[in-house]
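Q: I would like a close look at one part of this model, and then at what surrounds that part. Please keep it brisk.

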Amino acid sequence: MEKVKTGIFGVGSMSGKIMETMHRVENIEPVAIASRSMERARKFAEKYKLTKAYGSYMDLLNDPGIDMVYIATPNSEHAAHMKMCLRMGKAVFCEKPFTMDLQEAEEVLGLAESKNLFAGEAIWTRYMPLYKEIQALKNQEMLGRITAVTANLAYPVWERERIHSTELGGGAHMDVGIYPLTFIDAVAGMDYSACHVTAHNVQGVDQTSSIVLYYKEKGIIATILNSVASPSDRQGIIYGTEGYAIVENINNFESIRIYNKEHECIKEIMPPEQTSGYEYELEAAARAVIAGKTECDEVPHKKIWEMMKVMEEIYSRLKNYMEGDM
């Protein structure tokens with residue numbers, strides 16, 4: 001298999017961004033689109049120069065020429081659609097969050113392993129070159145011992161229906177929270193000893209939420225701010241005893257600048273020129289499928305499971321907080 005013949009579920013804006021990038025990835029051949037509307041599928045196929053359009057997801061899965069399916073449907077449908085693909089013998093690569101809860105994640109990952117098929121999470125920042133640079137900062141003398149990490153991500157997207165729908169996995173934590181959490185994971189890991197949350201409850205979901213993680217043994221405090229009501233600077237900052245590092249845009253790394261105790265910039269790391277930023281995750285998924293692997297080296301199943309466990313724990317705490325605040 002030289003190229004992974006790929007289809008996509010869903011015709012939303014994310015599907016368009018992914019499909020544009022697929023056309024420029026050497027180890028993927030974009031082939032088909034599936035939607036619940038044949039008319040929308042045909043329009044998408046025409047716009048993105050695909051040879052096949054399907055008016056149902058199962059029709060695409062019955063196509064023997066498809067090796068992998070990219071899942072870009074609402075959060076609430078991820079688990080069902082991944083299981084549908086795997087049962088039909090198709091590898092799957094799914095938009096974040098992987099599933100709505102840990103049980104769903106366990107079911108999908110278990111099915112992938114039993115079928116010996118690839119299943120991965122398209123959390124694009126983990127595949128980017130600068131993510132490794134961020135991971136390396138915790139061991140560099142320039143920063144010294146890490147004492148704190150902050151990460152924030154916010155967009156004014158409240159008007160979108162899925163954002164304020166609990167059934168569709170809405171709220172700031174479920175929509176954008178995985179990115180700050182992934183940034184924190186690069187520096188401090190997920191073995192925290194305490195977790196505290198606060199949230200502004202609107203229509204039963206967290207429109208804005210704050211999460212504090214405490215790592216007693218490491219002596220690190222990590223603070224996260226998520227919102228779907230307003231923009232933010234999207235920065236991630238790593239504080240150490242010898243200096244600090246500012247990462248611009250934790251959702252699509254733009255730069256890393258390292259400062260000493262005198263607030264002098266002593267090093268700057270810039271990302272390589274990129275197509276869209278999605279090419280890294282697509283290339284990694286295709287490499288895994290071609291190699292016959294069930295997981296990506298960059299985001300193995302153990303990491304997907306761990307992050308879903310943390311996401312679920314935080315979601316539960318946020319829900320309890322909001323119910324008590326009503």
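By class, how many nonpolar, polar and charged residues does the lining of the largest pocket have?

A: The lining of the largest pocket has 15 nonpolar residues, ten polar ones and ten charged ones. Keep in mind that this is a predicted model.

Start with the pocket itself. The space in the largest pocket comes to about 1,100 Å³. Its lining is made up of 35 residues. Closest to the centre of the pocket are Ser13, Met14, Arg160, Arg162 and Asp175. Helix H1 covers residues 13-22. H1 gives four residues to the lining, and that is the most.

Now follow H1 into the fold. H1 sits between two strands in the chain path: E1, H1 and E2 make a β-α-β unit, and the unit is right-handed. The chain then goes on from E2 to E3, passing through helix H2, residues 38-47. This β-α-β crossover is right-handed too.

Strands of a sheet pair through backbone hydrogen bonds.

Take the pairings one at a time. Strand E1, residues 4-9, pairs with E2 over six bridges, in the parallel sense. Gly7 has Ala32 in E2 as its bridge partner. Strand E2, residues 28-34, also pairs with E3 in the parallel sense, here over three bridges. Ala32 turns up again in this pairing: its bridge partner in E3 is Lys52. E2 is also a buried strand for the most part. Six of its seven residues are buried, so E2 is largely enclosed by the rest of the structure. Buried here means under 20% relative accessible area.

Next, the second largest pocket. About 230 Å³ of space lies in it. The lining has 14 residues. Nearest the centre of this pocket lie Arg126, Tyr131, Gln135, Asp185 and Lys303. Two elements give two or more residues to the lining: helix H6 (129-137) and helix H8 (178-188). H8 gives the most, with four residues. By class, this lining has five nonpolar, two polar and seven charged residues.

The structure holds one cavity of 30 Å³ or more. The largest cavity has a volume of about 40 Å³. Among the residues that line it are Met128, Pro129 and Leu130. Asn252 and Phe253 also line it. So do Pro271, Pro272, Gln274 and Tyr280. By class, the lining of this cavity has seven nonpolar residues, two polar ones and no charged ones.

Back to the part you asked about. The largest pocket takes four of its lining residues from H1, and H1 is the helix of the right-handed unit with E1 and E2.

Methods. Residues are numbered from 1 along each chain as its sequence is written. This is a predicted model: local features need pLDDT of at least 70, side-chain atom pairs count only at pLDDT 80 or more; totals for chains, interfaces and linings use all residues. Side-chain values use heavy atoms; hydrogens and water are left out. On a 1 Å grid over the protein atoms alone, a cavity is a set of points where a 1.4 Å probe fits but cannot get out, and a pocket is an open set with protein on both sides within 12 Å along at least five of seven lines; lining residues have an atom within 4 Å of a point. Grid points are joined across faces, edges and corners, and a volume is the space filled by probe spheres set on the points. Ala, Val, Leu, Ile, Met, Phe, Trp, Tyr, Cys and Pro count as nonpolar, Asp, Glu, Lys and Arg as charged, and the others, Gly among them, as polar. Two strands pair if DSSP finds at least two bridges between them. Buried means under 20% relative accessible area, exposed over 50%, partly exposed in between (1.4 Å probe, protein chains only). A crossover is right-handed if, with the strands pointing away from the viewer, the path from the first strand over the helix to the second runs clockwise.
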